[in-house]
Amino acid sequence: MITIEGLTVSFGAVQALRNVSLVAETGKITAVLGANGAGKTTLLRTISGLKEPKTGTIRLDDQSLVHKRTEDIARLGIGHVPEGRGVIGEFTVEENLRLGAMMAKVNLSRGLDEQYELFPVLGERRKQHAAKLSGGERQMLAMARALIAKPSVLLLDEPSLGLAPLVTAQLMHTIQSLCETSDLTVILVEQNATSALRIAHHAVVLHVGKVVANDTASLVAADENLRQYYLGLVE
Ligand SMILES: Nc1ncnc2c1ncn2[C@@H]1O[C@H](COP(=O)(O)OP(=O)(O)OP(=O)(O)O)[C@@H](O)[C@H]1O
Ligand SMILES: [Mg+2]
C-alpha cells in the first residue's frame with residue numbers, strides 16, 4: 001500500500017503539487033486523473049524519488065520513501081513506466097527486457113518466460129528492434145520491462161497516450177487482469193478518464209496540483225461536476 005500525506009512539490013515558483021494526500025491500496029488500481037499540467041507526472045516522479053518533495057510523506061507499507069535514492073526505491077518494489085514509455089528503440093525487445101531484469105537481479109530466463117506468457121506478441125517479436133513495434137506493443141514492452149523486476153507497485157504514466165481505442169481497451173484489460181491475478185498495486189495516471197475509470201477501484205482527480213476528488217471510481221465516474229469541469233467528459 002502506498003500512503004501519501006500532505007505532499008507539496010515545486011519547480012521554482014510553480015507549485016506542481018499542493019498538499020496532496022492519497023492512498024493506493026494493495027492489489028487495487030488507483031486512477032490519478034486530471035488535465036494537462038495537473039501534476040500527475042510529478043506525482044509519479046516524486047514517488048520514484050526522481051523529484052524531491054518540499055513537504056509531505058510517502059510510504060510503501062511502513063517504509064518511508066522520501067529522501068531515498070531512486071534505485072533504492074526501485075529495489076523496494078516500485079516499478080515505474082514513464083510517460084512516453086521509455087523503451088530503447090535501438091535495442092531488441094529482449095534486450096530491453098534484459099535491462100529491466102539486470103537492474104533487479106532476478107532470474108532472467110524465468111522472467112523472460114513469464115513476460116512472454118503475459119504478452120505473447122513480445123515473445124513473437126523478441127528479436128525485433130523496439131523502434132519497429134506498434135504503439136501498443138511498445139507500451140506492453142515498457143510494462144513488461146518494469147514487471148520483470150517483480151515490483152509490488154506499478155506506476156503507469158498515461159499508458160493509453162497515442163493508442164487507438166481498441167488497443168487502449170486491450171491494454172486496460174491486461175492491467176486489470178494483472179491486478180486480479182497478483183497482489184500488484186497500480187497507480188494509473190491517465191488523461192483518458194473514461195478508460196481508466198472503467199478498470200480502477202479508486203480515483204483521485206488533480207487540478208493544478210490540488211486534489212479535487214478522492215473517491216471510489218464509480219462515484220467519480222458518476223459525478224457530473226467532475227466529469228464536466230475536471231475530466232473533460234462532456235455528454
Ligand atoms: N521539469 C520541470 N520544470 C519546471 N516546471 C515543471 C517541470 N515539470 C513539470 N513542471 C510543471 O509542473 C506542473 C505539473 O506538471 P506535470 O508534468 O506533473 O503535469 P501532468 O499532469 O503530468 O501533465 P500532462 O497531462 O501534460 O502530462 C506544470 O505546471 C508543469 O509546467
Ligand atoms: Mg504527465
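Is Leu 7 buried or exposed, and what is its relative accessible area? Before I answer, a word on the basis of this talk. The model is predicted, so that local features need pLDDT of at least 70 and side-chain atom pairs count only at pLDDT 80 or more, while totals for chains, interfaces and linings use all residues. Residues are numbered from 1 along each chain as its sequence is written, chains are lettered from A and ligands numbered from 1 in the order in which they are written, and side-chain values use heavy atoms, with hydrogens and water left out.

Leu 7 is buried, with a relative accessible area of 0%; buried means under 20%, exposed over 50% and partly exposed in between, with a 1.4 Å probe and protein chains only. Leu 7 sits in strand β1, residues 2-11. Strands (E, at least two residues) and helices (H or I, at least four) are DSSP runs, numbered from the N terminus. Beyond its neighbours within four places in sequence, Leu 7 is in contact with residues including Leu 17, Val 20, Leu 43, Pro 53 and Ile 58, where contact means heavy atoms within 4.5 Å.

Let me turn to the pockets. On a 1 Å grid over the protein atoms alone, a pocket is an open set of points with protein on both sides within 12 Å along at least five of seven lines, and lining residues have an atom within 4 Å of a point. A volume is the space filled by probe spheres set on the points, which are joined across faces, edges and corners.

The largest pocket has a volume of about 730 Å³. Its lining numbers 27 residues, and Ala 74, Ile 78, Gly 79, His 80 and Met 103 lie nearest its centre. Helix α2 gives the largest share of that lining, 5 residues. By class, 13 are nonpolar, 7 polar and 7 charged; Ala, Val, Leu, Ile, Met, Phe, Trp, Tyr, Cys and Pro count as nonpolar, Asp, Glu, Lys and Arg as charged, and the others, Gly among them, as polar. Domain 1 (1-77 + 152-235) and domain 2 (85-150) each contribute at least three residues to this lining, the bounds coming from an automatic or database domain assignment.

The second largest pocket has a volume of about 190 Å³. Among its lining residues are Glu 114, Lys 150, Pro 151 and Leu 184. The largest share, 3 residues, comes from α4. Here too, domain 1 and domain 2 each supply at least three residues.

Finally, Leu 184 and Leu 7 are 177 residues apart in sequence and 23 Å apart in space, C-alpha to C-alpha.

Technical notes:
On a 1 Å grid over the protein atoms alone, a cavity is a set of points where a 1.4 Å probe fits but cannot get out, and a pocket is an open set with protein on both sides within 12 Å along at least five of seven lines; lining residues have an atom within 4 Å of a point.
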